Amino acid sequence: MAHERERSEHEKFRKALGKLSREERLVCIWKRAGFSSRDIATFNGRSVASVNRTFARARRKLRDAISS
């Protein structure tokens with residue numbers, strides 16, 4: 001039973017990731033890999049504020065999709 005619940009949660013997370021834009025997914029991956037917002041911004045030619053907004057939007061989308 002716990003295994004089925006884990007599988008269901010995993011599937012829910014995969015579907016939630018599919019709702020993110022490519023940019024949002026990449027920022028999440030880089031953040032998870034330990035890169036700072038400054039690192040990501042420098043690499044992509046964006047501002048730190050832009051990276052932080054993208055990350056916040058991605059987290060909100062994931063949280064909303066998983067909780068529904």
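Visitor: Which residue does K61 meet in a salt bridge?

Guide: This is a predicted model in which local features need pLDDT of at least 70 and side-chain atom pairs count only at pLDDT 80 or more, while totals for chains, interfaces and linings use all residues. Residues are numbered from 1 along each chain as its sequence is written, and side-chain values use heavy atoms, with hydrogens and water left out. A salt bridge here is a side-chain nitrogen of Lys or Arg within 4 Å of a carboxyl oxygen of Asp or Glu. At 3.0 Å from N to O, the partner of K61 is E24.

Visitor: How many residues apart in sequence are the parts that K61 and E24 tie together?

Guide: Helices are DSSP runs of H or I with at least four residues, numbered from the N terminus. K61 belongs to helix α4 and E24 to helix α2, so their pair links parts whose separation in sequence is 37 residues.

Visitor: Which residues are joined with E24 into one network?

Guide: E24 also forms a salt bridge with R57, where the closest N and O atoms are 2.6 Å apart. Through salt bridges that share partners, the network joins E24 with R57 and K61.

Visitor: Is E24 buried or exposed?

Guide: Buried means under 20% relative accessible area, exposed over 50%, and partly exposed in between, using a 1.4 Å probe and protein chains only. K61, at 33%, is partly exposed, and R57, at 30%, is also partly exposed. With a relative accessibility of 2%, E24 counts as buried.

How values were computed. Helix = DSSP H or I, 4+ residues; strand = E, 2+ residues; numbered from the N terminus.
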